[in-house]
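These are notes for a colleague who has not seen this structure before. They start with a pocket, go on to the ligand site, and end with the chain as a whole and some backbone details.

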Amino acid sequence: MVKKMLFICCLLLATIFTACVRKTPELAVQNLRCEFLSNPQGIDIAAPRLSWEITAPGRGVMQTAYEILVASSAEKLKNNDGDLWNSGKISSDSTIDVQYRGTPLQSRSDCYWKVRVWLNNKKDSVWSEPAHWSVGLLHPADWSAKWTGLDTFFVNDSPHAVHTRLSARYFRKNFSADKKIKKAMVYVSGLGIYQLYIDGKKIGDEELSPDPTQYNKRVFYNTFDVTDQISKGDNAIGTILGNGRFFTMRWGRSNIPPIMNFGYPKMLLQLEITYDDGTVQKIVSDSTWKVTANGPVLANNEYDGEQYDATKEMPGWSKPGFDDSKWMSAQLVQAPCNKIEAQMDPLITVMDSIKPKSVFQIAPGKYIVDMGQNMVGWAHLKIADGKKGDTVTMRFAERLKPDSTLYTANLRSAECTDRYIMKDGDQGWEPHFTYHGFRYVEVTGYPGKLTSDDIEGKVVYDNLKTTGSFTTSNDVINQVYHNAYWGIRGNYRGMPTDCPQRDERMGWLGDRAVGSFGESFIFDNNTLYAKWLQDIEDGQLEDGSLPDVAPTYWKMYTDNMTWPGTYLTVANMLYHQFANIKPIDKHYASMKKWLYYMRDKYMKDGIMTKDTYGDWCMPPEDPKLIHSQDTTRITAGAYLGTVTYYRMLELMEGFARLTGRTDDEKAWSDFAAQVKVAFNKKFLNPANDQYTNNTATANILALAYHLVPDSIQSKVIGQVVHTTMTSFHGHISTGLVGAQQLMRTLTDHGQANLAFKLASNTTYPSWGYMAREGATTTWELWNGNTADPAMNSGNHVMLLGDLIVWFYEDLAGIKSDSAQAGFKKVIMKPRAVDSLQFVKASYHSIHGMIKSDWKVKDNDFDWSIAIPANATAEIYIPAKSAGQITEGGKKVDDARAVKFIRMDGNYAVLEIGSGNYHFVSKEFK
Ligand code: BGC
């Protein structure tokens, strides 16, 4: 115990040390990760992948060798005794994806580890701070716990009403720990969502956990070290189970498609106490637990809200000595499936809080709270003088009507209402079994005058680090970025959702095709998306068909290329951005199965005939419409299907190469060549160098996916410029499919200034128009302020397309080389578009921090760069010639660790290693 505390102190000190190091980049090996997670508990993998980062002063620092020690205790590690693994000194510059190759790990193994590195500029090696991982329960036989629940409903429940109502289930068990405790771990899955308590204290700071999965195929458990929470003598453990996505939010005939229902909440819990004498006591979920549904959480439904009755609180219910004689015995219930796995991505938590911008009264006793930001989570309410039995009601919405009342039409049937029944006196409350997407809260029944000190917005999403920052001299772009940031964080709920507010909130694949890539600059979404790929595979049908929504809570199998294709584009993104190759290998077979299924069923003469959604949500001609009806704006389904199929073949060819499937590589490439011929034969009109009906989407996608013959590329991009400037008066004309390639393709073909115009427009349709109309997140529709509320969310991320990728890769110039993935080699090619005076961006890559900070001053391009240790960069400086450039005041030739390579158009191309640089390119235009 003391040893453990010491270890935790060391970790803390190391973290503080690390934080200090960030300010002054001293030499350090830090940010140690196991399976891309920091100090994870209960991983599911016996031979995990390890990674670390090096920060180092100076330039051109590379790792030449490393040594990893893994020990079974903190002491052993301290004494450099890697009893589990001593890798020895390995000559390598790898810092990512180094696989553990020590003594085979068992369930419950504790692994303390550190790494030392040798650098090219230093004789001595440098040790990292220590880190830790533990292994969970690897085998079904490790579980002696039983699935426990109560397969029935209670007096106040209405499980079969359209708006299902179920009270939360409280489970408890007393136990005593009679010897000196060495260690105690809990492995718990509470479905849909749970909260865990020991001796009256909540364990962990997670919310809405575990992650939602395809529950009939796979469920997750979470692991907690509870050594410090258990004391010698009497203890009690308790859980509260809510519905989450396990028990359906809608029953029978509702206005939306049926949502899968997996049954009443249930749990599997195993507490293992290891005593100093080596004996182990297990407290497991089974029918000896007591249960009640007569607690304070009267109802919980993610669409409709939570109802909480504080008068029904049960003080001490999770402490020993509580009188549970009126509680029932829990039942043994059926397992949801036979695959129980550790959750390998961060748990959802309260990540931020917001003070309201204003609170005002619109009628006696009816307040409107304006958070000033469309956010996702819930509100915490403080009450100074409550009256027992009275109810405070909070209703949530994204917008207000002109009369300042809530606008709820776009929430469709979601009630988004929390009800709190007060006890006497001073109290505070927030829900834990629902969430809302909102900017405004209507509060009624509040005792006294509600002020902004009494209510706070809690921002709830997956605990993913923010890795990017981005600002420019253009306020519209900055607001558009802000809106994207809030939309992305609001739509992570253990899966990427389409929206957080209405009766939907599903993991629609198409919305994230390239969006996930842009998001990966802002959030460390690596493990979340790896998890989602498994959801997608779990949703695949026997015949190979992939779903449009994963997990398949809505069963949508419409067979198209653009939505399921996200399966491949996300896998590609994980490799490109994070050098995480495992998902490609893991899902290769099912990707292939899907492509062959689509080919066999729908491909005719190289043309993919099947599509479902078209270029979803392109700007319609009439501001009231959701979808355009003008055929000149609509890109043909077979076109989208074929262009996307071709893109998938290109990806598969790359995947086969990366994973050593040489025969396949050739087969994919031959297949792609056939499709290319068929595609151009069918869709290219040689008379006028246009693709199909000449929409921007059609021409852009053909260019982006390398289908356009070289000789006419400039003509095809010319078509895009022409359509954009004439038919759309300098505005975007694509929906979510075209938008995925628009900004980068324009830029790659010499139209960066037009791309910038689209990004900074403030008239309809544009991202800036949304911002000008007051949006603080991105809308589902370009005309979100005027369209039919039937499908009109104020917080969707799909229309962002490749905008965020373009911000980072093209405006800031922070891009990973595709051959040296995960920013091992950085390609920096900032586009100094005419109307920007500066861009300041940073990205904490898997190799460390990258910075790009440029400004244009008196026609000079002034650029500060930071490249992390053990990475290199190829940088493109806008310049007339290399002679016009200085670094740190010196000519490039004389500057330290800077190598001029060549001129490339208006850029001088240089090679640099790690370190900080300051370039000035004189009179670059
Ligand atoms: C969702 C979208 C989704 C689309 C596809 C909508 O209801 O909100 O984001 O991609 O349906 O049909």
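1. The model is a predicted one. In it, the lining of the second largest pocket draws at least two residues from each of these elements: α4 (515-522), α6 (566-578), α8 (637-658), α10 (696-704), α12 (739-748), α15 (803-812) and β40 (815-816). The element that gives the most is α8, with 10 residues.

2. The second largest pocket holds about 1400 Å³ of space. Its lining is made up of 45 residues, and those closest to the centre of the pocket are Asn572, His576, Arg647, Arg744 and Ser818. Sorted by class, the lining has 17 nonpolar, 16 polar and 12 charged residues.

3. Which residues surround the ligand? They are Asp498, Arg502, Glu504, Trp508, Asp511, Trp563, Tyr613, Trp616, Glu780, His796 and Met798. By class, this shell has five nonpolar residues, one polar residue and five charged residues.

4. For Asp511, an N or O atom of the side chain is 2.4 Å from an oxygen atom of the ligand. For Glu504, the distance from a side-chain N or O atom to a ligand oxygen is 2.7 Å. For Asp498, a polar side-chain atom lies 2.7 Å from an oxygen atom of the ligand. On its own, the ligand has 310 Å² of accessible area, and the protein covers 94% of it.

5. Taken along the principal axes, the C-alpha atoms fill a box of roughly 85 × 70 × 60 Å.

6. One joins Ser209 and Pro210, with omega about 0°, and Pro210 sits in the loop between β14 (201-202) and β15 (219-225). Another runs from Ala550 to Pro551, with omega near -10°. Pro551 is in the loop between α5 (526-538) and α6, and α6 is also one of the elements that line the second largest pocket.

7. Where is Asn31 placed? Asn31 belongs to strand β1, residues 28-34.

Conventions:
Residues are numbered from 1 along each chain as its sequence is written. This is a predicted model: local features need pLDDT of at least 70, side-chain atom pairs count only at pLDDT 80 or more; totals for chains, interfaces and linings use all residues. Side-chain values use heavy atoms; hydrogens and water are left out. A residue is near a molecule or strand if one of its heavy atoms lies within 4 Å of it. A polar contact is a pair of N or O atoms within 3.5 Å; within protein, one must be able to donate a hydrogen and the other to accept it, and residues adjacent in sequence count only if both atoms are side-chain atoms. Accessible areas come from the Shrake-Rupley method with a 1.4 Å probe; for residues, only the protein chains shown count as cover. Ala, Val, Leu, Ile, Met, Phe, Trp, Tyr, Cys and Pro count as nonpolar, Asp, Glu, Lys and Arg as charged, and the others, Gly among them, as polar. On a 1 Å grid over the protein atoms alone, a cavity is a set of points where a 1.4 Å probe fits but cannot get out, and a pocket is an open set with protein on both sides within 12 Å along at least five of seven lines; lining residues have an atom within 4 Å of a point. Grid points are joined across faces, edges and corners, and a volume is the space filled by probe spheres set on the points. Helices (H or I, at least four residues) and strands (E, at least two) are DSSP runs, numbered from the N terminus.
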